[in-house]
Amino acid sequence: MNMATSKERTFIMLKPDAVSRKLVGEIITRIEKKGFNIVAMKMMTVDRALAERHYAVHREKPFFQDLVNFIIESPVVVLVLEGHDVVKQMRNLIGSTSPAEAQPGTIRGDFATDVTRNLIHASDSESVALQEIANFFSEKEIMQSQ
């Protein structure tokens, strides 16, 4: 987090299904309407090493390879958001990991159909956000918010 501001940062990934289903604009619109600043954004393909590092917390779980394989199959859009309490608010905006449990009005509740292919990733804490941002962006790629 930039010490010049009290605003929190979080990392967001629009997964391959969000890109292939042409939901990137809709999801970004919801983020912007919520009032968060996008301070970095890019489309990229994720290599296996980065995907495994990103999902390292799940390494020992049976679905780990499915997560990795999914995230490397086609392009993703990654973002850094800045705003007040952005980590918690984004988690609420995207909804439960399981689309069947996600509330209507959330991104996953409205658009996701599968636990693995659930459109979007959001950091679950400030410390995780800082690590994920560093994995996907260099400091020079992150703008100062206005």
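**Helices, sheet and one serine**

Guide: Let's start with a pair of helices in this predicted model: α2 and α5 are oblique to each other.

Visitor: How do I read a helix pair in general?

Guide: Two packed helices are described by the angle between their axes and the distance between the axes. Here, the axes of α2 (residues 24–34) and α5 (residues 86–94) cross at roughly 135° and come within 11 Å. Angles over 145° would count as roughly antiparallel and 65 to 115° as roughly perpendicular, so this pair is oblique.

Visitor: Which residues of α2 and α5 make the contact?

Guide: From α2 you have Arg 30, Ile 31 and Lys 34, and from α5 you have Gln 89, Met 90 and Leu 93. As for handedness, α2 passes α5 in a right-handed crossing.

Visitor: Now the sheet. In what order do the strands come?

Guide: Read across the open sheet and you get β2-β3-β1-β4, 4 strands with antiparallel pairing. β2 and β4 stand at the edges with a single partner strand each, so one side of each has no neighbour in the sheet. On average, neighbouring strands are turned by 15° against each other, ignoring direction. And α5 turns up again: this helix packs on the sheet, touching β1, β3 and β4, and its direction makes about 30° with that of β1.

Visitor: How many bridges join β3 to β1, and how many to β2?

Guide: For β1 (residues 8–14) and β3, 7 bridges; for β2 (residues 37–44) and β3, also 7.

Visitor: Can we finish with a single residue? Is Ser 123 buried or exposed?

Guide: Ser 123 counts as buried because its relative accessibility is 0%. You'll find Ser 123 in the loop between β4 (120–122) and α7 (126–136). Its side chain makes a polar contact of 2.5 Å with that of Glu 132. Leaving out residues up to four places away in sequence, Ser 123 also touches others, including Thr 10, Phe 11, Val 87 and Arg 91.

Definitions and conventions. Residues numbered from 1 in each chain as written. Predicted model: local features only at pLDDT ≥ 70, side-chain atom pairs only at ≥ 80, totals over all residues. Heavy atoms only, no water. Helix = DSSP H or I, 4+ residues; strand = E, 2+ residues; numbered from the N terminus. Buried < 20%, exposed > 50% of the residue type's maximum accessible area, 1.4 Å probe, protein only. Polar contact = N/O pair within 3.5 Å; in protein donor to acceptor, adjacent residues only side chain to side chain. Contact = heavy atoms within 4.5 Å. Pairing = 2+ DSSP bridges. Axes fitted to C-alpha atoms, helices over the stretch in contact; angles between N-to-C directions. Parallel < 35°, antiparallel > 145°, perpendicular 65-115°, else oblique. Left-handed = near helix turned anticlockwise from the far one by under 90°.
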